[in-house]
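Keep the 3D view open and turn it as you read.

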Amino acid sequence: MSDDFDFVPRLGKIRSKGKAKTQLKRLKRVVAKGRLSTRGRSSLPPGAVRHAGRGKVQAALARHWSNQRARRVVVKVHIARAGPTGAASFAKHVAYIHREGAGREGERGKLYDRSVDEADAKAFNERADEDRRQFRLIVSPEDADQMKDLTQFTREFMNQVEKDLGRRLDWVAANHHDTAQPHVHIVIRGGTTRNGELLIDRKYITQGFRALAQELVTLELGQRRLREMAAARSNEAEREALTAIDHDIARSLGDGRYTPESERGGLSRFDSAVVRRRLRFLQNLDLAMRQEDGRWALKEGWQETLRALGRRGDIIRSLANLEGRKIDASRLHALPRDFGSGGEILGRLAATLPGDELRNGTTALIEGLDGRVWSIEMTEQEAAELPKLGGIVSVGRKAVEPKPADRTIAAIAERNDGVYSEEMHQAVDPSSSPAFRLAHKRRLEALRRLGVVDRNTDGSWTVPRHFEELALRADTRKQGLAVDVRSWLPIEALVERHAETWLDRIDHSDLNYSRGDLAGELRESLRTRSAWLQREGFELDQDKRLTTEALARLRRVEFDSAVRQESVRTGRSFVALENIGGFSGSYLRDIELAQGRFAVVENRNGFVLVKESARSTNFRGREVVLTRSTHSIQWKLVKSRFVSL
C-alpha cells in the first residue's frame, strides 16, 4: 500500500445493524414517495379513506420480486360505477357470479366470504345499496386445476390485500368451473363518503393484485420448472387463440412487419423456433404471410381474429354441457366486425352463455333463417332486451349518423389551418354559450382518446383533414347493437294461440331465399296457423292474413286473459292506468305475451300492466312511480332501495 494514501478499515461489530438501518432508510424513501401530498389529501371527498399511497408501495416492491419462474396468474379488474338506478347493477353482478351452471358439476356457484362458505347475497347487496362504486376481480391461476383449494387461496389473497391497503374490506367471491380454466370472481364494496370510500392506487390495481396472486400460487405449487415453462410456451405455438407469443410478436412489429429474431437477435434459439412455428401457424390461418425479404406481414385485425377464435373455443366447450336444444357447433359463426347498420340477423334465440363476466356481458347464440348459428357478444343492457330461449329476435348494428358538432369543429378548423380552440369558436359564433362550446371540447376529448385528434399544450386541438369521416369511422367501431324482439314466445306456442302473434305479422319475403331448418319450421307453422284461424272462424283477407278488426280482438282477448291470471296469482285487482293517470308500486316481474312483454307493477291496492321498453328494464326490482302522458308512460324511481325479487 502506498504511503501517500493511508487506508484504515473499520470493522463493524458482530450482528451489526448498520446494513439494516440503510435498508430501512431506503424503504422509508419508497414509502414517502407513495404518500399522498397535502394537495392530494385536500382533493379527496369528505369521508374518503386516505390510504391510496399504500398501493404504490406494494406495487413498487412487487417490481423487485422476480417473476421469471413464478406461476402465471391472469388478473382482470373492473371498477363499476353506480348507474342511474343506483346499486341495482351491483346486485345484478353478485347474482351473475353465483348463477346456475357456474359450479364444478354445473350447479349454482357458491358465494362465500372471509369466514362463511355460503354468504348471504341479499345482506351484502343491502350493505352496498348506497355505494358509489364496486371493484370486480377475476383471478385465474394458470395451474388452478393443481391447487388444493381455490376458496382458501382466495381468503389468503384477500387477507393480504387488506394488509396492503390497511383496511378491512367487505367482499364476497365465487369459484367458477364453467370454462376450461377454473377461476375466481371477487366483488369488493367501494364504500360511501359516510363510512369511508375505498380508494386503491392505479399501480396496485395493474401490478399489485397480479404480483400477490402469483406469489401465493408459487408458494403453494413451487416455482415453474424450466421443462414446464418450455412445454407451456411450445403448446401456445399452435393454439387458435391470442397467446403470449402473439403479444411478443406485436411488440416487435415495425410498419406492420415482423423481422425474424435470427436477423436482429434478442431471443434464445428455443424462443426463436417457437416464434417461427407460431408464424407458420398464423400463415395457415391466413393471418400472416412471409415476404421475399424474409420478413412477415401480419393481416390487419389479426389479433382480434385470434381473440374471436379463442372465444369460439370457449363457446364450443360450453355447448358440450348445454342441456335442452342441441346446437351444431359446425354451424357456429361470429357476428362480423364490419356488420353494417343496414343489415340484421333474424332468428331464434338458441342459447345464452356468459360473455364479458366483469361487466355482466352475455353471448347470445341465434339460429338464423340462413341455417347458421350466430354468436353475438352483448352488453348487460343489450342482453336485458332478449326474450327467453326460443323467442324470435332480430339483431343489427345501431345506425350511426354524423354529429352536428363534428361539422362545426371541421368548419372552424378549416378556417384556422387545421386548429380548433374555444376562442376560435367564439370568434366565429359570438352568440354561442360557454356550455355549448364546452360540449364541443368534450367531443374532441372523446375523439382524442380514440386517436382521431391531438390536443396541444395551449389548449387548442389539431384537427386532421377528413375529420368528419374519421370521427364517423371511430363512432362506428364502438356502435352498439339494436335488438328487436319479434316474438317473446317460441314458435310452437304461437300456432294455436288466441292472440295476435308474430306469425300473423311475418313478412313472407323473409322466407323466400331461406334454406335453414328454422325457415322450414316456419313455413310449416304458417300453414298450420292459417288452417287453425279458419277453423276458429276468423276472417282472412285475400293474402290469407287477419283483418284489422280480428287482430284487435285477438289482442284484447290475450290481454284480458293475462289480467285474470295475474289477479289470481296476486290476489289483487287490476287497475287501468289510463283511468287514474298515475300509479306507484314495486316492479317485481314481467309477463311475456304474444303481443309483447309487460311489466307488472303492484302495490297493496292492485296492479297495472305496462308495455315494457328498453329503458324500463333498468327499473326492474325497484319501487317506481308511473305517470301517463298523452303519448307515453313516464317512469320515475321512488328511492334507491331495491326490493327483493
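The protein chain exposes about 36400 Å², and carbon and sulfur atoms supply 47% of that area. Accessible areas here come from the Shrake-Rupley method with a 1.4 Å probe, and for residues only the protein chains shown count as cover. This is a predicted model, so local features need a pLDDT of at least 70 and side-chain atom pairs count only at pLDDT 80 or more, while totals for chains, interfaces and linings use all residues. Residues are numbered from 1 along each chain as its sequence is written, and side-chain values use heavy atoms, with hydrogens and water left out.

Of the 645 residues in the protein chain, 45% count as buried; buried means under 20% relative accessible area, exposed means over 50%, and partly exposed lies in between (1.4 Å probe, protein chains only). The secondary structure comes to 21 helices and 22 strands. Both are DSSP runs numbered from the N terminus: helices are H or I with at least four residues, and strands are E with at least two.

Next, look inside. A nonpolar core is a set of buried Ala, Val, Leu, Ile, Met, Phe, Trp, Tyr and Cys residues joined through side-chain atoms within 4.5 Å. The largest one has 29 residues, and those with the most contacts inside it are F157, I186, I188 and F209. The elements giving two or more residues to this core are β1 (73-81), β3 (133-141), α6 (150-165), β4 (171-176), β5 (183-189) and α7 (202-221). Of these, α7 gives the most, with seven residues. To see the packing, select F157: leaving aside residues up to four places away in sequence, F157 touches L137, V139, I186, F209, L212, A213 and L216. A second, separate core has 17 residues, including V495, L511, L522 and A594.

Now move along to helix α16. With 16 residues, α16 reaches 23 Å from its first C-alpha to its last, close to the 22 Å expected at 1.5 Å a residue; that expected span is 1.5 Å times one less than the number of residues. Which residues of α16 are buried? They are R437, H440, R443, L444, E445 and L447. The buried residues of α16 pack against α14, β14 (419-420), α15 (422-428), β15 (454-455), β16 (461-462) and α17. Just after the helix, G451 takes a positive phi of about 80°.

The structure holds 51 salt bridges, each a side-chain nitrogen of Lys or Arg within 4 Å of a carboxyl oxygen of Asp or Glu. In one of them, the side chains of D406 and R443 meet at 2.9 Å, N to O. D406 lies in helix α14 (residues 404-415) and R443 in helix α16 (residues 434-449), so this pair ties together parts that are 37 residues apart in sequence. D406 and R443 are both buried. R443 also meets D475 in a salt bridge, at 2.8 Å, N to O. Because D475 lies in helix α17 (residues 467-477) and R443 in α16, the pair ties together parts that are 32 residues apart in sequence. The relative accessible area is 11% for R443 and 6% for D475.

Being four residues apart in the helix, R449 and E445 are separated by about one helical turn. An α-helix has 3.6 residues a turn, so residues three or four places apart point the same way. R449 is exposed, with a relative accessible area of 59%, whereas E445 is buried at 17%. Elsewhere, salt bridges that share partners join K388, D590, E592, R597, E612 and R620 into one network.

Three strands form an open sheet in the order β14-β16-β15, with antiparallel pairing; two strands pair if DSSP finds at least two bridges between them. β14 and β15 stand at the edges, each with a single partner strand, so one side of each is left without a neighbour in the sheet. β15 and β16 pair over two bridges, and R455 stands opposite W461 in β16.

Key: Contact means heavy atoms within 4.5 Å.
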